[in-house]
Amino acid sequence: MGKSSLVQQAIHLDRESRRDLVFVSLSLGRFESGPAIFRTLVAQIFRALESRCSMLGDRQANRLESIMSAVNDSEDWHDFCESVREFFITLRDAEVYVSAVLDEFDQTSLAFTRTAEFQFLRDIASEPFSSVGLITISRRPINLIEIDAVGGSTLAGVLSVHYSVGLFSGSEVDAILARGGLAGADLTPLRAAVVEHTGGHPYLIELLCNELIETHLSHGYPDISAAIAMTESQFRTHFGRLIRIIDEDTLGLGSELLSLVCDGKDLSDRREDVGILLRLGLLDQKGHTLRLFSAAFESYFRNLTSLRPEVREFDIRSRLA
């Protein structure tokens with residue numbers, strides 16, 4: 001379970017308790033222009049409202065449909081923005097609230113090529129005319145994404161609540177293991193082995209526990225050795241992706257810092273850099289001792305032959321600030 005899956009699960013659990021709230025989700029990696037993103041956002045909201053007729057009267061529904069046609073037909077940027085703005089004003093006046101999830105926000109630079117597009121998204125997220133709340137899902141901070149795309153940052157100032165998907169806490173690990181009981185498998189005795197191998201990483205612990213259930217169904221008991229062997233390829237693929245992503249975002253300095261941790265080096269003068277990798281779930285800390293987040297990840301990392309031999313004096317925070 002990664003960032004996107006966690007958000008979708010949270011929406012699923014909250015949907016019935018918030019009947020006044022419409023949830024929509026867009027994966028931005030498939031869009032080639034800013035207007036296409038806004039048009040799809042408007043269309044998804046309208047479709048979600050159609051399936052919940054009690055939220056709108058006929059006159060309001062007809063009004064929104066008419067505005068949506070204007071959004072689709074507008075070619076001039078100013079006219080387009082006015083039509084989209086009118087759509088959200090109508091939603092607000094109808095007391096309809098929207099939670100919009102923008103997944104793969106790192107890919108926004110492929111579609112948003114003007115500061116005005118980020119500015120308009122900021123207006124939708126923060127101005128009184130709109131009742132929309134934005135949730136962005138990305139590897140990198142919003143300000144870096146904006147700077148790479150258009151050379152400046154406006155949206156980051158209003159998306160102020162930032163959550164990193166790190167490692168599961170002890171109680172969250174227990175909750176995942178308890179789900180084995182639904183299939184008649186007691187995973188609790190394997191807790192230490194599961195945590196040691198996965199480090200409590202959300203995606204990896206779910207992957208391993210699912211395989212433990214499969215071994216329980218086929219062997220009559222949850223076989224940790226067999227489950228580890230069956231998931232080894234998937235673990236290695238994910239480890240490679242984690243390292244590649246952090247190196248892309250830090251010019252290779254993520255690998256260098258992980259290497260220093262493996263070698264037991266004193267990193268007391270690089271606390272902010274360490275803090276970044278802790279929040280991202282690549283490092284774990286017990287007391288004053290740092291280690292890579294799991295035994296399997298450390299083993300994989302130590303076996304890599306392409307690590308840079310030099311450690312450059314450069315702070316990760318200078319790239320992520």
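Start with Arg85. In this predicted model, Arg85 lies over the face of Phe129, at 4.5 Å from the ring centre. There is another case of this kind. Arg114 lies over the face of Trp77, also at 4.5 Å from the ring centre.

How many aromatic pairs does the structure hold? The count is 14. A pair of rings is described by two quantities, the distance of the centres and the angle of the planes. Take Phe38 and Trp77. Their ring centres are 6.4 Å apart. Their planes meet at 55°, so this pair is tilted.

Where do the two partners sit in the chain? Phe38 is in helix α2, residues 34-50. Trp77 is in helix α4, residues 77-93. That puts them 39 residues apart, so the pair links distant parts of the chain. Phe38 has a relative accessible area of 1%. Buried means under 20%, so Phe38 is buried.

The pair also belongs to a cluster. Phe38, Trp77, Phe80, Phe112, Phe118 and Phe120 form one aromatic cluster.

Next, the nonpolar cores. In soluble globular proteins, nonpolar side chains tend to be buried together. Here the largest core has 43 residues. Which members touch the most others? They are Ile45, Phe87, Phe88, Leu91 and Phe105. Several elements give two or more residues to this core, among them β1 (21-27), α3 (58-73), β2 (97-103) and α6 (142-150). Its largest share comes from α2, with nine residues.

Phe88 is then in contact with Leu41, Val42, Ile45, Ile124, Phe129, Ser130 and Val132. Note Phe129 in that list; its ring is the one under Arg85.

Now the strands. β2 and β3 run parallel, and five bridges join them. Leu102 has its bridge partner in β3, namely Thr136. What lies on the path between these strands? The chain goes from β2 through α5 to β3. This β-α-β crossover is right-handed.

Last, the whole protein. It has 14 helices and five strands. Of its 321 residues, 46% are buried.

Methods: Residues numbered from 1 in each chain as written. Predicted model: local features only at pLDDT ≥ 70, side-chain atom pairs only at ≥ 80, totals over all residues. Heavy atoms only, no water. Phe/Tyr/Trp six-rings, centres within 6.5 Å; stacked < 30°, edge-to-face > 60°. Helix = DSSP H or I, 4+ residues; strand = E, 2+ residues; numbered from the N terminus. Buried < 20%, exposed > 50% of the residue type's maximum accessible area, 1.4 Å probe, protein only. Lys NZ or Arg CZ within 6 Å of the ring centre and 35° of its normal. Core = buried A, V, L, I, M, F, W, Y, C linked by side-chain atoms within 4.5 Å. Contact = heavy atoms within 4.5 Å. Pairing = 2+ DSSP bridges. Right-handed = clockwise from strand over helix to strand, strands pointing away. Lists of a residue's contacts leave out its neighbours within four places in sequence.
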